[in-house]
Amino acid sequence: MSIEGLVPHRELWIGGEWHSTTKATPVMNPSTGEVLADVASCSAAEMLDAVAAASHALPAWGRTSARERAEVLRKGYELMMDRADDIATVMCLEMGKTPAEARAEVAYAAEFFRWLSELAAHEGGEFRTSPSGRILTTKRPVGVCLLVTPWNFPAAMATRKIGPALAAGCTVILKPAAETPLTALLLADLLHQAGVPRGVVNVVPTDDPGTVVAAALSDPRVRKLSFTGSTSVGRLLLKQAAEHVTRTSMELGGNAPFLVLADADVDDAIEGALLAKMRNGGQACTAANRFLVNRSLADEFTDKLRTRLSALRIGAADQSDTELGPMVSDRAVTSIKRMVSGAESHGASAERMDSGPDVGYFHPATALTHVAPDSPILQQEIFAPAAPIVVVDDDEHAVALANDTDAGLAAYVYGSLPTALGVAERLEVGMVGINRGLVSDPAAPFGGVKHSGLGREGGHEGIAEYQEISYVSATW
């Protein structure tokens, strides 16, 4: 695989034009540890140029008809599907996704444009009566939106934010992760081809995100921040957004429990566990972080999970049979090793599987058994192909451990439907997968509770995050 010809522009996309910069930053190929490409790095001043471009484009885009915005989004969907192989290849190279997972992400990411194209044409206000007169409500775009996306799903996290913003009539500045800017730049090119007017979408990679994002949030023209990333960074951004009372939505860290109840089908639970834990190499906010397994099934579940983990083919992302690719960076591998070693020092047993190639940023699939309920690894977002297994006595024990965290994004429950539904209602999370290892769906509201974030993305709720309600009281 080669990046040449796939992403022809590696500059900043501001105001409908490509802008070179005095500074560039290398993008690494995690499969090899080598430089994949050099990409322009945005400065604070250039970020303010992007804010100005988005602000200038806002009035005209906000006045376009809902149908026109819908057609542009639909064209964006079609172009993404036409270029699906190219987008998937870019993600394999810059993020280390396996080919199968990269293709699945392209389809998922494009679906946000199709879903929002359908919603955009039907969003409207209301006319109703009140005891004292008439009430008119209309929905208006929030304004200029700053979108900050992570590296682990470089296409889907971008479209999940750009789609509703454009559908609502907002203009955007996308700041992709420094590790994976190439996918975002390719999307900018496709959206321009889809008919997005100049300045409506701006894409500004940078290797100095703190300074650049702070510059945008200090500008009162920015009226909305949508951030996906760590809880620690989210807290900092909330403080910065408070200065201008900037509207925010946050999708932050997760610590998803995977509950295997006494009446679960173990084979089904294993299939769900592989999907919930190993998708994207465990590098997902919704990844199963803790396996809470009823004592009556613990030995069978553990043995079968070990067997499946040991059979995973680990390798470079450009190999079609790879099932577990590299981690995103050498720093990530170091952090994972530290977490696993920490669990061992607290009494856990770690079984490391195939360690993978000698070059690149690889970490073996790892099963952790004899994990104590108070082990520090259970309070961290692992973001790795490491699976801690905790034996629980009953459903009450499982629910108590599942809720013993500040995070509350997702959870997974395996068991008979009546039992699983009862348990799901007691879990302090925003999303629950019952007898399935995947909860993401463009038509569903994605988001968490507690320290896992604010607001929702996707579904009917996602577009509302980019709209203001205007009320007119009238008497006649």
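Modeller: This is a predicted model. Asn 435 lies in the loop between strand S18 (431–434) and strand S19 (453–454). Its phi is near 55 degrees, a positive value in a residue other than glycine. As background, most residues other than glycine have a negative phi.

Val 245 can be set beside it. Phi of Val 245 is near 50 degrees, again a positive value in a residue that is not glycine. Val 245 sits in the loop that runs between helix H8 (231–242) and strand S11 (247–251). With a relative accessibility of 66%, Val 245 is classed as exposed, because the cut-off for that class is over 50%.

Next comes a sheet. In general, strands of a sheet pair through backbone hydrogen bonds, in a parallel or an antiparallel way. Here 3 strands make up an open sheet, in the order S5-S6-S20, and the pairing is antiparallel. Strand S5 (126–130) and strand S20 (467–474) are at the edges with a single partner strand each, so one side of each has no neighbour in the sheet. On average, neighbouring strands of this sheet are turned by 25 degrees against each other, with direction ignored. S5 and strand S6 (residues 133–141) run antiparallel and are joined by 5 bridges. Within this sheet, Arg 128 stands opposite Ile 135 in S6.

The last part is a pair of helices. Two packed helices are described by the angle between their axes and by the distance between those axes. Helix H9 (residues 266–278) packs with helix H10 (residues 298–311) at an angle of about 50 degrees, and their axes are 10 Å apart. The crossing in which H9 passes H10 is right-handed. On the H9 side, the contact is made by Val 266, Asp 267, Ala 269, Ile 270, Glu 271, Ala 273, Leu 274 and Met 278. On the H10 side, Glu 300, Phe 301, Lys 304, Leu 305, Arg 308 and Leu 309 take part. Sorted by class, the contact of H9 with H10 has 9 nonpolar and 5 charged residues, and no polar ones.

Notes:
Residues are numbered from 1 along each chain as its sequence is written. This is a predicted model: local features need pLDDT of at least 70, side-chain atom pairs count only at pLDDT 80 or more; totals for chains, interfaces and linings use all residues. Side-chain values use heavy atoms; hydrogens and water are left out. Axes are lines fitted to C-alpha atoms, for helices over the stretch in contact, and angles run from 0 to 180 degrees between N-to-C directions. Helices (H or I, at least four residues) and strands (E, at least two) are DSSP runs, numbered from the N terminus. A crossing is left-handed if the near helix is turned anticlockwise from the far one by less than a right angle, and right-handed if clockwise. Contact means heavy atoms within 4.5 Å. Ala, Val, Leu, Ile, Met, Phe, Trp, Tyr, Cys and Pro count as nonpolar, Asp, Glu, Lys and Arg as charged, and the others, Gly among them, as polar. Two strands pair if DSSP finds at least two bridges between them. Buried means under 20% relative accessible area, exposed over 50%, partly exposed in between (1.4 Å probe, protein chains only).
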